[in-house]
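Please look over the structure below before reading on. The paragraphs that follow go through some of its side chains, helices and backbone angles.

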Amino acid sequence: MIVIGGGPAGSTAATLLARRGRSVVLLEKDRHPRFHIGESLLPMNLPILERLGVLEATGRIGVLKRGADFPAATPEGYNVFRFERALDDSGKHAYQVRRDEFDQLLFENAAAAGARSFQGHRVLKAELAGDRVVVEGQSDAGRGFCCRARYLVDASGRDTFLGNQLRSKRKSPHHQSAALFAHFSGVERRPGEDAGNVSIYRFDQGWVWLIPLRDGIMSIGAVCWPDHLKGRRSGNREFLLETLQSIPELSRRMEQAQIVGNLHATGNYSYECREMCGPRWIMAGDSYAFVDPIFSSGVFLAMHAAEQAADVVDGALRDPRRERALQRGYERGIRRGLSTLSWFIHRFTSPSMRRLFADPRNVLGVEQAMISMLSGDVYRDNGVRWRLEVFKMIYRIASLGDLRAQARSRRLRRQQARAVFSGGTTGQDAA
Ligand SMILES: Cc1cc2nc3c(=O)[nH]c(=O)nc-3n(C[C@H](O)[C@H](O)[C@H](O)COP(=O)(O)OP(=O)(O)OC[C@H]3O[C@@H](n4cnc5c(N)ncnc54)[C@H](O)[C@@H]3O)c2cc1C
């Protein structure tokens with residue numbers, strides 16, 4: 001079969017299918033190592049990395065991440081959600097990684113498993129021809145290529161190759177923003193065991209991530225609502241620095257900070273494709289949907305989907321009569337995880353959610369279930385799901401007491417949705 005995209009989803013699917021003896025062609029338009037956003041992994045990623053045989057290698061290139069911190073009225077000014085407090089076996093830690101290194105590791109692992117892997121090969125067209133899928137493209141040396149296979153896995157990420165070709169991509173009008181981000185040196189880390197944790201800050205027009213990487217580097221990004229970006233009077237670099245300095249505790253941590261390398265900008269809208277699979281094709285990872293990076297879930301969701309997609313492809317090739325049933329099971333599972341996360345993500349900036357995150361109560365293990373959700377434990381029936389339903393009830397009650405603030409936040413969201421986002425989807429400024 002053919003896999004489009006050598007990111008986490010594509011390399012995972014290619015590795016697993018090649019190990020099952022399938023003939024796999026993996027096509028990546030860029031060349032590794034290449035920059036990519038999405039550096040913070042979740043604990044539920046680790047079992048997948050173990051199954052792929054790259055867990056130890058990931059540990060060597062990564063920074064140990066024991067949890068995430070969010071702003072709170074504590075003496076420290078933040079509240080740490082440590083993964084070790086998660087329910088059940090949702091995982092105790094994760095890693096922060098540079099994606100150029102991580103994606104190269106996964107891509108080489110796919111090749112080592114037997115996938116015929118091509119870099120600098122961009123797919124331009126895919127179509128069904130009888131019982132085969134035919135893919136055409138061009139290499140970065142300018143040579144055309146054509147491959148035929150019995151199945152196609154689209155793991156093309158936010159390029160949404162098939163979603164575009166089938167015109168099935170739907171952007172969410174309620175969740176549009178853009179991110180500016182860069183690597184910095186000289187940023188203060190959290191003390192002791194929390195030094196590798198991701199920090200999240202909010203400001204009126206968005207939120208900020210801090211991801212500690214190796215060699216004293218901190219990845220810092222500001223996700224901004226369209227109004228905030230539209231109002232900018234300076235270039236991206238000054239604008240990012242001004243935005244970061246507007247948050248007092250962050251400004252203090254950044255007193256000695258220097259940008260290292262390039263500043264990047266990317267559209268951060270959420271989208272979903274109408275279909276996830278069809279006869280002889282399946283999407284995995286961002287090629288199907290992207291919600292939001294606030295909980296650092298993208299890489300885990302992509303790799304989880306790729307594992308499941310590999311099962312579907314293998315099963316459908318063994319017994320083509322089961323293809324639709326296998327695909328339906330896949331769609332149900334993927335949508336269930338996405339909708340669990342989306343519920344929290346879409347309310348994350350509401351006043352009630354801010355309060356509940358700042359001062360969590362562990363009634364019936366609800367706080368632990370929240371930590372499991374933050375670990376990526378959104379697919380299993382292990383006591384997390386019903387506790388998240390209890391959390392939703394608590395949230396709704398808290399929201400009732402906050403109607404005025406809610407109305408204001410809804411008004412703001414409507415204004416944001418109406419505002420025309422003026423940036424491109426991706427771009428790069430020299431720092
Ligand atoms: C601002 C921001 C911050 C984020 N932060 C995090 C985070 O901290 N943690 C996290 O887990 N996730 C994060 N994410 C999400 C994360 O980047 C993605 O969810 C993840 O990379 C998805 O993996 P994927 O394999 O589906 O796609 P990708 O990683 O994008 O891989 C797709 C690959 O396909 C290749 N490709 C595309 N089109 C073609 C073609 N036509 N032919 C051949 N190859 C092609 C691309 O070059 C790419 O290598 C963030 C996203 C954004 C926008």
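A residue is called buried when its relative accessible area is under 20%, exposed when this area is over 50%, and partly exposed in between. The model shown here is a predicted one.

By this cut-off, Trp207 and Trp209 are both buried. Their rings also belong to a wider set of contacts. A pair of aromatic rings is described by the distance of the centres and the angle of the planes. The structure has nine aromatic pairs. One of them joins Trp207 to Trp209, with 6.2 Å from centre to centre and 55° between the planes, which is a tilted arrangement.

Arg190 lies over the face of Tyr78, 3.6 Å from the ring centre. Arg158 lies over the face of Phe290, and here the distance to the ring centre is 4.5 Å. Where in the chain is Arg158? Arg158 is in the loop between β11 (152-154) and α5 (161-165). With a relative accessible area of 23%, Arg158 is partly exposed. Arg158 and Tyr288 are separated by 130 residues in sequence, yet their C-alpha atoms are 8.4 Å apart in space.

Helix α9 covers residues 298-318. At 1.5 Å a residue, its 21 residues should span 30 Å, and the distance of 30 Å between its end C-alpha atoms agrees with this. Is α9 enclosed or open to the outside? Of its 21 residues, 17 are buried, so α9 is largely enclosed by the rest of the structure. Helices α10 (residues 323-347) and α13 (residues 384-400) pack with their axes 12 Å apart, at an angle of about 25°. Angles under 35 degrees count as roughly parallel, and α10 and α13 are therefore roughly parallel to each other. The crossing of α10 past α13 is left-handed.

The last topic is the backbone. Most residues other than glycine have a negative phi, and most peptide bonds are trans. The peptide bond from His32 to Pro33, however, is cis, with omega near -5°. Pro33 is located in the loop between β2 (25-27) and α2 (45-52). Arg280 is not a glycine, but its phi is positive, near 70°. This arginine, Arg280, is in the loop between β19 (277-278) and β20 (281-283), and is partly exposed at 23% relative accessible area. Ser296 also has a positive phi, of about 55°. Ser296 is found in the loop between β21 (289-290) and α9, and its relative accessibility of 14% makes it count as buried.

Terms used: Residues numbered from 1 in each chain as written. Predicted model: local features only at pLDDT ≥ 70, side-chain atom pairs only at ≥ 80, totals over all residues. Heavy atoms only, no water. Helix = DSSP H or I, 4+ residues; strand = E, 2+ residues; numbered from the N terminus. Expected span 1.5 Å × (residues − 1). Buried < 20%, exposed > 50% of the residue type's maximum accessible area, 1.4 Å probe, protein only. Phe/Tyr/Trp six-rings, centres within 6.5 Å; stacked < 30°, edge-to-face > 60°. Lys NZ or Arg CZ within 6 Å of the ring centre and 35° of its normal. Axes fitted to C-alpha atoms, helices over the stretch in contact; angles between N-to-C directions. Parallel < 35°, antiparallel > 145°, perpendicular 65-115°, else oblique. Left-handed = near helix turned anticlockwise from the far one by under 90°.
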